[in-house]
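Trainee: I would like to go through a structure by asking about one part at a time. Please show it first.

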Amino acid sequence: MTQQPHSTQQPHSTSAGGEEKPPVWNDAGQAPGARGYGPPPSGSGLAAGGAVFAGVLMLMNGVIAILQGISALAKDDVYTRVGSYVYSINLTGWGVILLCLGAVGVVTGLGILKSMGWARVCGIVLASLSAILQFMFLPYAPIWSVIMIAVDVFVIWALAVYDPKASGARQ
């Protein structure tokens, strides 16, 4: 049988005794000396894109938290007063918490976008802390807090699944 020109199968070599030997494949799944694209990278494109999106979300979440903190500090009448709530922190306290969380979030988001290894770990911790604090902030802004908890869960997933070794990121 003749080999078709578009076939990717490598011909077998023969030894001195006339026996056919199968080709020796390298780790990339190619015959020695073969040139080509090779297998796809081991990292998922969704996870790599998700990590970039998580960096953007962390950056935006940080800026919004800073604005939220400033509005809670500037005027106490921006948010409604809550009567008795298990987690009773006044709005000035929430303003300081959100301001600090936002500033760290902006720095972490920039670090994630620059593929820094420390930023990935810090982003997971910060998103976890943000989800807990948004749960505690629920009575003041319920719809916004639920949306931010969902964003934090996505950020945690994207940063936990992302494999920086597959994309050649700096550590």
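Mentor: The questions below go from the chain as a whole to single residues.
This is a predicted model, in which local features need pLDDT of at least 70 and side-chain atom pairs count only at pLDDT 80 or more, while totals for chains, interfaces and linings use all residues. Residues are numbered from 1 along each chain as its sequence is written, and side-chain values use heavy atoms, with hydrogens and water left out.

Trainee: What percentage of the residues in the chain is buried?

Mentor: Buried means under 20% relative accessible area, exposed over 50%, and partly exposed in between, with a 1.4 Å probe and protein chains only. The chain has 171 residues, and the buried share of them is 30%.

Trainee: Which residues touch the most other members of the largest nonpolar core?

Mentor: A nonpolar core is a set of buried Ala, Val, Leu, Ile, Met, Phe, Trp, Tyr and Cys residues joined through side-chain atoms within 4.5 Å. The largest one holds 20 residues, and those touching the most other members are Trp94, Phe137 and Val155. At least two core residues come from each of helix H1 (45-74), helix H2 (91-113), helix H3 (117-136) and helix H4 (142-161). To repeat the names asked for: Trp94, Phe137 and Val155.

Trainee: How wide an arc do the buried residues of H4 cover around the axis?

Mentor: The buried residues of H4 are Ser145, Met148, Val151, Asp152, Val155, Ala158 and Leu159. On the other side of H4, Ile143 and Val146 are exposed.

Trainee: How many disulfides does a search of the whole structure find?

Mentor: A disulfide is a pair of cysteine sulfur atoms within 2.5 Å. Cysteine 100 is partly exposed, at a relative accessible area of 47%, and cysteine 122 is partly exposed at 26%. The number of disulfides found in the whole structure is zero.

How values were computed
Helix = DSSP H or I, 4+ residues; strand = E, 2+ residues; numbered from the N terminus.
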